[in-house]
Amino acid sequence: MGLIKVVNEKPVHLVLSKDRVRSVKRGHPWIFPEVLRELPKAPAGSLALLKTVDGEILAKGFYDPGSKLAFRTFALQREKLDEQLVTARLERAAELRDALFQPYDTTNGFRLINGEGDGLPGLVVDVYDTAAVMKLDGAGAESFYNAEELASWLTCRLPRLRTVFLKYRSGEEARGKLLSGQTPAPDQPVRFLENQVHFQVDIVQGQKTGFFLDQRDNRSFVGRLSRGKRMLNVFGYTGGFSVYAGIGGARHVTTVDVGRAALSYATSNWALNGLVPDRHEATAEDAFEFLEAATKAREKWEVVVIDPPSFAPNKQAVEKARASYTRLFAAAAAVTAPHGFLSLASCSSHIDAPTFMEICEEALGRARRQGYVLRVAGQPADHPFPAAAHELSYLKFITFRMTG
C-alpha cells in the first residue's frame with residue numbers, strides 16, 4: 001500500500017448543480033454539498049471526479065458525503081491523481097522549507113506541510129526538531145491518506161526525526177497515535193528552536209500540534225518592541241510572545257491564560273531561555289475578568305498582545321464573534337499605556353481582513369482611544385494558501401501605536 005489508500009474500485013462521479021467552473025479552474029480546492037446535484041453513497045475518502053453537467057471532468061480528488069467539504073480538489077483535469085503526484089507535492093513542500101530554514105540551526109520548528117496551501121488537501125505536518133506531528137482534517141482525509149506510509153516518507157526525508165505522532169480530530173476520545181519512534185514522556189517534552197529562541201512543547205496533550213507556529217514572525221516583531229517595557233500577553237498559552245518579550249529586554253511580562261497546564265509551560269519556556277524568574281508572572285484567569293479587574297485598578301502596560309482562540313468556528317457564529325472581539329479588544333485598549341503598543345489577532349477564517357480591521361476600529365472607539373497602524377501581518381511563509389482561496393489566509397495580526 002502506498003501514500004494514498006484506494007477505498008473504492010471506481011471513482012465516484014460528482015456533478016455540479018451550480019456554476020463553479022471558473023473557481024475550480026483557478027484553484028479553489030473545496031466543493032460544498034449544496035453545489036452538487038446529488039451526494040452519492042460512498043465511503044469517506046473515496047476517489048472522485050468532479051464534472052460539469054455536460055460531462056467535462058474538472059478535477060480529481062477525494063469525497064466525503066458526510067462533511068461540509070464534500071469534495072477536495074487534488075488534481076485538475078488531465079493531471080493524474082497517483083502516488084507520483086503525491087510524492088512530488090510532498091517533496092515540493094519540503095524543498096520550500098529547506099529554502100526558508102536550512103540549515104535548521106536557527107529555526108527547527110516549522111510547518112512542513114500546510115494542506116491545501118501545498119497541494120495536499122486535508123494534510124498538515126508540523127516539525128519540532130526531532131518530532132513531527134501529523135493532522136488529518138476529517139474522515140475523508142483520514143481514509144484517503146495512508147498515515148503510516150506518510151510517516152515513513154517523513155523519516156526518510158528528515159533523518160533527524162525520532163518521532164512521528166498523529167493527532168486526531170478534536171472531540172474524539174483518542175488523542176493520537178504513534179506512527180514512528182517513541183512517544184515523548186510527559187516529563188521530557190520535545191524541544192525546538194525558533195529564531196534561536198528555545199521552546200518545549202507537549203505534542204500529545206497540547207492544543208493543535210502543540211504550539212502555534214503561525215505566529216513566529218509576529219512574536220519576533222513584538223519582541224523588538226518590548227525593550228524596557230511592561231508587557232501583557234493575554235491568551236498567552238505556553239508563553240511564546242512572553243518569551244520573545246523577555247529576550248527583547250522587557251522590564252516585566254505578565255502571561256494570562258485560563259489553562260494552568262499551558263501556563264506551566266510558559267514558566268518553563270521562560271526559564272529555558274535563562275530569563276530572570278521574577279520578571280515573569282503567570283496568571284491563570286479568564287481573559288475578560290482579568291482585563292476588567294486591571295481596568296478598575298487602573299493598571300497599564302506599554303505592550304499588550306491579545307491572541308484569542310477562534311470566536312467564529314462557522315459563518316453562523318460571525319456576528320456573535322464580532323461582538324466578543326470588540327468587547328475584548330476595547331478592554332485591551334483600555335489597559336494599554338499612552339503611546340504604548342497594542343497587537344490584536346484573530347485566527348478565524350470566517351472573519352476576513354477588512355472585517356477584522358473594522359472590529360479593531362470599533363473597539364478603539366468604544367475604549368475612547370486612538371491609534372496608528374504600525375503593521376498589518378498574517379501567517380508566515382511556511383503557511384501558504386491557494387491564491388483562489390482567500391479564506392485560507394486565516395491569521396490577522398494588527399499592531400497599533402496608541403496615542404496619549
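Which strands does helix H4 (residues 147-157) lie across? Helix H4 lies across E6, E7, strand E8 (131-136), E9 and E10. Its direction runs at about 40 degrees to that of E10. The model is predicted. The points below go through it by region.

1. Strand E1 covers residues 12-15, and its side chains alternate. Val 12 and Leu 14 point to one face and are buried. E1 pairs with strand E3 (residues 46-51) in the parallel sense, over 4 bridges. Within that pairing, His 13 stands opposite Leu 49 of E3.

2. **The annotated span.** UniProt, in an unreviewed entry, lists residues 15-74 as "domain: RlmI-like PUA". In the model this span is 10% helix and 33% strand. Its end C-alpha atoms lie 17 Å apart.

3. **The five-stranded sheet.** An open sheet of 5 strands has the order E6-E7-E8-E9-E10, with mixed pairing. Strand E6 (109-114) and strand E10 (176-181) are the edges; each has a single partner strand, so one side of each lacks a neighbour in the sheet. Neighbouring strands are turned by 20 degrees against each other on average, direction ignored. Lys 167 stands opposite Gly 176 in E10.

4. **Tyr 128.** This residue is found in strand E7. Tyr 128 has 0% relative accessibility, so it counts as buried. Leaving aside neighbours within four places in sequence, its contacts include Asn 108, Gly 109 and Val 133. Also among them are Val 190, Arg 191, Phe 192, Val 201 and Ile 203. Thr 209, Gly 210, Phe 211 and Leu 213 are in contact with Tyr 128 too. Phe 199 is 71 residues away from Tyr 128 in sequence, yet their C-alpha atoms are 9.5 Å apart.

5. **The H5/H6 pair.** Two packed helices are described by the angle between their axes and the distance between the axes. For helix H5 (residues 216-225) and helix H6 (residues 240-247), the axes come within 8 Å and cross at roughly 35 degrees. The crossing is right-handed. H5 contributes Arg 216, Asn 218, Arg 219, Ser 220, Val 222 and Gly 223. H6 meets them with Gly 240, Phe 241, Tyr 244 and Ala 245. By class, this contact has 4 nonpolar, 4 polar and 2 charged residues.

6. **The seven-stranded sheet.** Another open sheet has 7 strands in the order E15-E14-E13-E16-E17-E19-E18, and its pairing is mixed. Strand E15 (280-284) and strand E18 (371-377) stand at the edges with a single partner strand each, so one side of each is left without a neighbour in the sheet. The twist averages 15 degrees from one strand to the next. E18 and strand E19 (residues 396-402) run antiparallel, joined by 6 bridges. The bridge partner of Gly 371 is Met 402 in E19.

7. Helix H9 (residues 318-334) lies across strand E16 (301-306), strand E17 (336-346) and E19. H9 runs at about 155 degrees to E17. Helix H10 (residues 353-366) lies across E17, E18 and E19. The direction of H10 is about 30 degrees from that of E19.

Technical notes:
Residues are numbered from 1 along each chain as its sequence is written. This is a predicted model: local features need pLDDT of at least 70, side-chain atom pairs count only at pLDDT 80 or more; totals for chains, interfaces and linings use all residues. Side-chain values use heavy atoms; hydrogens and water are left out. Buried means under 20% relative accessible area, exposed over 50%, partly exposed in between (1.4 Å probe, protein chains only). Helices (H or I, at least four residues) and strands (E, at least two) are DSSP runs, numbered from the N terminus. Two strands pair if DSSP finds at least two bridges between them. UniProt positions are given in the numbering used here, feature names are shortened, and annotations may be inferred rather than shown by experiment. Axes are lines fitted to C-alpha atoms, for helices over the stretch in contact, and angles run from 0 to 180 degrees between N-to-C directions. Contact means heavy atoms within 4.5 Å. A crossing is left-handed if the near helix is turned anticlockwise from the far one by less than a right angle, and right-handed if clockwise. Ala, Val, Leu, Ile, Met, Phe, Trp, Tyr, Cys and Pro count as nonpolar, Asp, Glu, Lys and Arg as charged, and the others, Gly among them, as polar.
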